[in-house]
Every structure is written in C-alpha cells, then in structure tokens.
There are 2 protein chains.
Amino acid sequence: MHPSEAEFANEAFYMAFNRRDVAAMEALWSARHEAVCLHPGWPALIGREAIMDSWRSIFANPDQPPVTFHSASPCRMGDGMVAVVCYEVVAGSTMVATNLFIEEDGQPKLVLHQSGICARPPPMAEETSLDVN
Amino acid sequence: MHPSEAEFANEAFYMAFNRRDVAAMEALWSARHEAVCLHPGWPALIGREAIMDSWRSIFANPDQPPVTFHSASPCRMGDGMVAVVCYEVVAGSTMVATNLFIEEDGQPKLVLHQSGICARPPPMAEETSLDVN
C-alpha cells in the first residue's frame, strides 16, 4: 500500500463520519483482522461488531458535531501497513488520532482507530475540507 | 509472534517506564520502522529520535508518578503484528493505551504507543505487579 492510499482512506473515514454513513464505515473497516477502536474517553472496543455498534450509536446522536482534520502524516509500519496520524477538530477541541490501515485485497482497511484529547496541538497548516453534501 | 510474546513485551515496556530505564526502552522500540508515540495530551511524536528524547525527558522528571496497568488484551493485526490494548493507572487516573508490536529478528518491537484519558474504564480485574527493584 502506498502511503497516499492510506491518506485517501483516512479522508474517506472522516467523510463517512460526517455523512453518518454506516455502509461506508463498514466498507472501511477490516473484516479479516481483529480491529480495535478507541473513541475519546470511551473504553476500548475490540472486534468488528462492537465497533460498528458504536458508529451506529454515534451516527444516531443528533447532537454529534462534525469533525475536520489537519496535519495528516502517514507512517509505514511493516508490510502493507500504514498508520496515519492526524489532528481532529470537533466542536472547538483538538484530538490527536491514529488510524492504522492494513491492505486487504489491494484496499486499505482500518484495523485501529484511536483518538484522544491533545492539549498542545501543532498549528493547523491546512484543514481538509470534507464535502458532506 | 504469539500474542503472549506481545503481552510479555507490553509488561517489559511498563517495567522500563517505572525503572526509568532508557536502554530497556531503546531495546523495546523498533529500529527499522517509522514509529509513533502519543503520550496523553502531547502532540504526536514520529520517529525514533523524537520518541527517545521524550522518554529521557519523562524519566528525568522527579515528579513523574509510576504506572500500573490492567486488563491487557492482545489483538492480532496482520502478519507478525499484535496490538495490546490495556488500561494504565497513573496517579489515580485511568488511561486506555494501545501498544502495537511488530516482529523484528524474532522479537516483538514497539511501533506505536498511544495513551489517553479513559473516562469510563472497565472494572480492574487484576492489576499487574511491576517489580521495579
């Protein structure tokens, strides 16, 4: 997997989030590996079923604010794995997030998402515009 | 890598932390892959040099409290990669952490450590005793 493919999948992840698109989120997450998802403040969710339940719950919340991200850095982590580190901005708060992608059938698939409050974020170089229309 | 090897390396990581052992920490982190370290609240540290500088800084802080961990769960994430999710307890606060290990020369090496506040930790089944003497 080229790092740019992981960056593209990273953007697709945040678009799926803002569009509250369960099908897109299901397609983005690995179906073959044991995935882990750590939403800010939540206990760890391990396994596809628990993770998809969490997205359905988040998407069903009318008060869930949209997310933007900036400063995405892809890091190669072994054969066919790329971690994208980026900063999420949600309702004025900045989180630092890791999204780890593994290649499955030539496609980058999420096996890990972890996001947590970042008290000292770097300056925002450019914010990625996520078209949700 | 067997998941139990990653669990053992995970325990070695927290022992190195409590012993303020820079050499042990250097041996635990990957020298071949681009590693990522996200301490609670910090911006992302990418690359071995920035990560080792952070450990030296943390170990030099006399006010750094020790850490214990509990409920470690190893998750296989592809060929030779295991993520260990666990809960860290530091000065009465609970963090949820992911420690991602990749196999190098038959040894599990850290490529990712991310720790952040967990507002709703699970009950502590058993706390791992870390002998720092």
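Me: Let's start with the sheet in chain B: in what order do its six strands lie?
Reply: Keep in mind that this is a predicted model. In chain B, six strands make an open sheet, and their pairing is mixed. Reading across that sheet, the order is 2-1-6-5-4-3.

Me: And which strands of chain B stand at the edges?
Reply: Look for strands with a single partner strand, so that one side is left without a neighbour in the sheet.

Me: Which residue of strand 4 stands opposite His70(B)?
Reply: Strand 3 and strand 4 of chain B are antiparallel and share eight bridges. Within strand 4 of chain B, the residue facing His70(B) is Tyr87(B).

Me: How many residues of strand 6 in chain B are buried?
Reply: Buried here means under 20% relative accessible area. Strand 6 of chain B covers residues 107-117, eleven in number, and is mostly covered. The buried count is nine.

Me: Over in chain A, is His113(A) buried or exposed?
Reply: His113(A) is in strand 6 (residues 107-117) of chain A. Leaving out residues up to four places away in sequence, His113(A) touches a list that includes Phe13(A), Tyr14(A), Trp29(A), Trp55(A) and Glu88(A). Its relative accessible area is 3%, and the cut-off is under 20%, so His113(A) is buried.

Me: What is the bridge partner of Pro74(A) in strand 4 of chain A?
Reply: Chain A also has an open sheet of six strands with mixed pairing, in the order 2-1-6-5-4-3. Its edge strands, strand 2 (45-46) and strand 3 (67-76), each pair on one side only. Eight bridges tie strand 3 of chain A to strand 4 (residues 81-90), and the two run antiparallel. In strand 4, Pro74(A) is partnered by Val84(A).

Me: Which residue of chain B is in contact with Ser73(A)?
Reply: Ser73(A) sits in strand 3 of chain A and, at 27% relative accessibility, counts as partly exposed. Its C-alpha is 5.2 Å from that of Val85(A), twelve residues away along the chain. Setting aside neighbours within four places in sequence, Ser73(A) contacts Ala83(A), Val84(A) and Val85(A), and from chain B, Ile46(B).

Me: How are the two copies related?
Reply: Chain B superposes on chain A by a rotation of 180° with 0.0 Å of shift along the axis, at an RMSD of 0.0 Å. The copies are therefore related as by a two-fold rotation axis.

Me: In chain B, which residue has the C-alpha nearest the axis?
Reply: The C-alpha in question lies 2.7 Å from the axis. As for the contact surface, both copies use the same one, with 100% of the contact residues of chain B recurring in chain A. The residue with the nearest C-alpha is Gly116(B).

Me: What about the largest pocket: how many residues line it?
Reply: The space in this pocket is about 320 Å³. Helix 1 (3-19), helix 3 (48-59), strand 4 (81-90) and strand 6 of chain B each give two or more residues to the lining. By class, the lining residues are ten nonpolar, six polar and one charged. Phe17(B), Pro40(B), Ile58(B), Gln64(B) and Val90(B) lie nearest the centre, and the lining count is 17.

Me: Last one: is Ala23(B) buried or exposed?
Reply: Ala23(B) is in helix 2 (residues 22-28) of chain B. Its C-alpha and that of Met52(B), 29 residues apart along the chain, are 9.8 Å apart. The relative accessible area of Ala23(B) is 53%, and over 50% is the cut-off, so Ala23(B) is exposed.

Terms used. Residues are numbered from 1 along each chain as its sequence is written. Chains are lettered from A and ligands numbered from 1 in the order in which they are written. This is a predicted model: local features need pLDDT of at least 70, side-chain atom pairs count only at pLDDT 80 or more; totals for chains, interfaces and linings use all residues. Side-chain values use heavy atoms; hydrogens and water are left out. Buried means under 20% relative accessible area, exposed over 50%, partly exposed in between (1.4 Å probe, protein chains only). Helices (H or I, at least four residues) and strands (E, at least two) are DSSP runs, numbered from the N terminus. Copies are superposed by least squares on the C-alpha atoms of residues with pLDDT of at least 70 in both. Contact means heavy atoms within 4.5 Å. On a 1 Å grid over the protein atoms alone, a cavity is a set of points where a 1.4 Å probe fits but cannot get out, and a pocket is an open set with protein on both sides within 12 Å along at least five of seven lines; lining residues have an atom within 4 Å of a point. Grid points are joined across faces, edges and corners, and a volume is the space filled by probe spheres set on the points. Ala, Val, Leu, Ile, Met, Phe, Trp, Tyr, Cys and Pro count as nonpolar, Asp, Glu, Lys and Arg as charged, and the others, Gly among them, as polar. Two strands pair if DSSP finds at least two bridges between them.
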